[in-house]
Amino acid sequence: MMFKWRFKVLACTLFCLFLKLSAHAQYNRTFVFLHPRTDKPELPKQEVDKLMEGHMANINRLAKEGKLVAAGPFDGGGGIFIFNSTSADEVQKWLSSDPGVKAERWKVEILPFHFRLGKDTSVKEPYEMTSYQFIRYTPNIAKFNIQELPELFLKHDDYLKEIKHTGNAIAEGIFGDTEGGILIMKGELDAAVIEADPAVQEGMLQFVIKKLWIAKGAFGER
């Protein structure tokens, strides 16, 4: 038990050191994932429609109040929110007004967030919806690879810079502690591009790719 505790402390310390060296991160947003639930209760279509109407109305209200700066669904279910707050408690309170969240239609994940490329931009109606490739990176830290963690994450950072130089990257940023980060890209994406990342190849990072629908211009792109 003591070994596991020391390992977790060391892993967190090394990862935080990497963030300080490579990102100088100042977390000024809170990122929320709405993960699809496979165990949610079946409801009549009329009730589901009512919950979703309330969900969308709540999104529009929070956006008009300046609390919610970006939101969009994933193909296949779930989605994201980006809130204009650094307080998880405050964001949790704002989320509690969402009928869909109150009904536990999704599993909610709340994370501090820092943009390193792009920026959230409030888009006024009428707006055009567009789709991007959304990549989420999750660290896979184990005792067999922890010593290489700082070097591999620096290589990951360098690889991301190469991707950004292609002009296809819309936004990129990191979450707090050991929660990884995201990359958002336009156009078609071959998974081999992400698999070629040195940190992915060495098993330090895992990733998933989803299609995100969001208002065009939500990340400051033209």
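**Figure 1. Overview of the predicted model.** Of the 222 residues of the protein, 41% count as buried, where buried means under 20% relative accessible area, exposed over 50%, and partly exposed in between (1.4 Å probe, protein chains only). This is a predicted model, in which local features need pLDDT of at least 70 and side-chain atom pairs count only at pLDDT 80 or more, whereas totals for chains, interfaces and linings use all residues. Residues are numbered from 1 along each chain as its sequence is written, and side-chain values use heavy atoms, with hydrogens and water left out. The secondary structure comprises seven helices and eight strands; helices (H or I, at least four residues) and strands (E, at least two) are DSSP runs, numbered from the N terminus. Among contacts with a separation of 6 or more, 77% are made by residues 24 or more positions apart, a contact being heavy atoms within 4.5 Å. The protein exposes about 12500 Å², of which carbon and sulfur atoms supply 53%; accessible areas come from the Shrake-Rupley method with a 1.4 Å probe, and for residues only the protein chains shown count as cover.

Figure 2. A nonpolar core is a set of buried Ala, Val, Leu, Ile, Met, Phe, Trp, Tyr and Cys residues joined through side-chain atoms within 4.5 Å. The largest such core has 21 residues, of which Phe31, Phe33, Phe134, Ile182, Ile184, Leu212 and Phe219 touch the most other members. The elements that give two or more residues to this core include strand 1 (29–36), strand 5 (129–139) and strand 8 (205–215). Another core, of 16 residues, lies apart from it, and Ile163, Ala169, Met185 and Ala199 are among its members. In soluble globular proteins, nonpolar side chains tend to be buried together. Residues up to four places away in sequence aside, Leu212 touches Gly72, Pro73, Phe74, Ile80, Thr130, Ser131, Tyr132, Phe134, Ile184 and Phe219.

**Figure 3. Strand 6 and its pairing partners.** Seven of the seven residues of strand 6 are buried. Strand 4 and strand 6 run antiparallel and are joined by four bridges; two strands pair if DSSP finds at least two bridges between them. In this pairing, Phe113 stands opposite Phe175 of strand 6. Strand 6 also pairs with strand 7 in the antiparallel sense, over five bridges, and here Gly173 stands opposite Ile182 of strand 7.

Figure 4. Five bridges pair strand 2 with strand 3 in the antiparallel sense, with Leu68 opposite Phe83 in strand 3. The two strands form a hairpin with five residues between them, and Gly76 in the turn has a positive phi of about 95 degrees. Ser85 is placed in the loop between strand 3 and helix 3 (88–95). Ser85 counts as buried because its relative accessible area is 5%. Leaving aside neighbours within four places in sequence, Ser85 is in contact with Asn28, Arg29, Thr30, Glu90, Val91 and Trp94.

Figure 5. Met204 lies in the loop between helix 7 (198–201) and strand 8, and is classed as buried because its relative accessibility is 0%. Met204 and Leu149 are 55 residues apart in sequence, with a C-alpha to C-alpha distance of 7.2 Å. Trp213 lies in strand 8 and is partly exposed, its relative accessible area being 32%. Tyr127, Met129 and Trp213 form a nonpolar surface patch with about 280 Å² of accessible area together. Patches are made of residues with over 30% relative accessible area and no salt bridge; like charges are joined within 9 Å, nonpolar side chains (Val, Leu, Ile, Met, Phe, Trp, Tyr) within 5 Å.

**Figure 6. Salt bridges.** The whole structure contains eleven salt bridges, each defined as a side-chain nitrogen of Lys or Arg within 4 Å of a carboxyl oxygen of Asp or Glu. Arg37 and Asp39 are joined by one of them, at 2.9 Å from N to O; Arg37 is buried at 16% relative accessibility, whereas Asp39 is partly exposed at 48%. Another salt bridge joins Asp49 and Lys45 (2.7 Å, N to O), which both lie in helix 2 (residues 45–64), four residues apart, about one turn of the helix. Glu172 pairs with Lys164, the closest N and O atoms being 3.0 Å apart. Glu172 is buried at 2% relative accessibility, while Lys164 is partly exposed at 24%. A network of salt bridges links Arg116, Asp157, Lys164 and Glu172.
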